[in-house]
Amino acid sequence: MGFAPFQGKFEHCAYAVAAGHATESAVLQSGVSENIARAASQAAAQSAAESLKEGKSPEEAASAAATAAFEAVDKKGANKKEAMRAAATAGAAAAAAA
């Protein structure tokens, strides 16, 4: 028995943290504001981690990450150009981390 209910949780969290740092750095370098970059990277990393945990491919995880990033920055009030740049960069960075 032991820790069976927690199986995979650590890996999920570790990926989310690593991907979050990688995506935030990449999105900041794309020229978006820090607030937008943080929202995009957090949403992308979480979405990609969940997709990978569900057994989806890195490509599917990247697509889900880009969608989640776009939705997150849209809620933050980013303009369309900034939202698209953040989403594309976050999706690509999440895929690379996967």
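First, a definition: buried means under 20% relative accessible area, exposed means over 50%, and partly exposed is in between, with a 1.4 Å probe and protein chains only. This is a predicted model, so local features need pLDDT of at least 70, side-chain atom pairs count only at pLDDT 80 or more, and totals for chains, interfaces and linings use all residues. Residues are numbered from 1 along each chain as its sequence is written, and side-chain values use heavy atoms, with hydrogens and water left out.

Now helix α2. Helices here are DSSP runs (H or I, at least four residues), numbered from the N terminus. α2 has 20 residues, which at 1.5 Å a residue should span 28 Å. The expected span is 1.5 Å times one less than the number of residues. The end C-alpha atoms are 28 Å apart, so the two agree.

Next, charges. Side chains of opposite charge can pair when their charged atoms come close. A salt bridge is a side-chain nitrogen of Lys or Arg within 4 Å of a carboxyl oxygen of Asp or Glu. How many salt bridges does the structure hold? It holds 2.

One joins Glu34 and Arg38, at 2.9 Å, N to O. Both residues lie in α2, 4 residues apart, about one turn of the helix. Glu34 is partly exposed, because its relative accessibility is 47%. Arg38 is partly exposed too, at 34%.

Glu54 and Lys56 also form a salt bridge, with the closest N and O atoms 3.4 Å apart. Glu54 is exposed, at 55%. Lys56 is partly exposed, at 38%. Gly55 follows α2, and its phi is positive, near 90°.

Now the packing. The axes of α2 and helix α3, residues 58-75, come within 7 Å and cross at roughly 145°. Axes are lines fitted to C-alpha atoms, for helices over the stretch in contact, and angles run from 0 to 180 degrees between N-to-C directions. The contact residues divide into 15 nonpolar, 2 polar and no charged. Here Ala, Val, Leu, Ile, Met, Phe, Trp, Tyr, Cys and Pro count as nonpolar, Asp, Glu, Lys and Arg as charged, and the others, Gly among them, as polar.

Last, Ser51. Leaving aside residues up to four places away in sequence, Ser51 touches Lys56, Ala61 and Ala64, where contact means heavy atoms within 4.5 Å.

How values were computed: Helix = DSSP H or I, 4+ residues; strand = E, 2+ residues; numbered from the N terminus.
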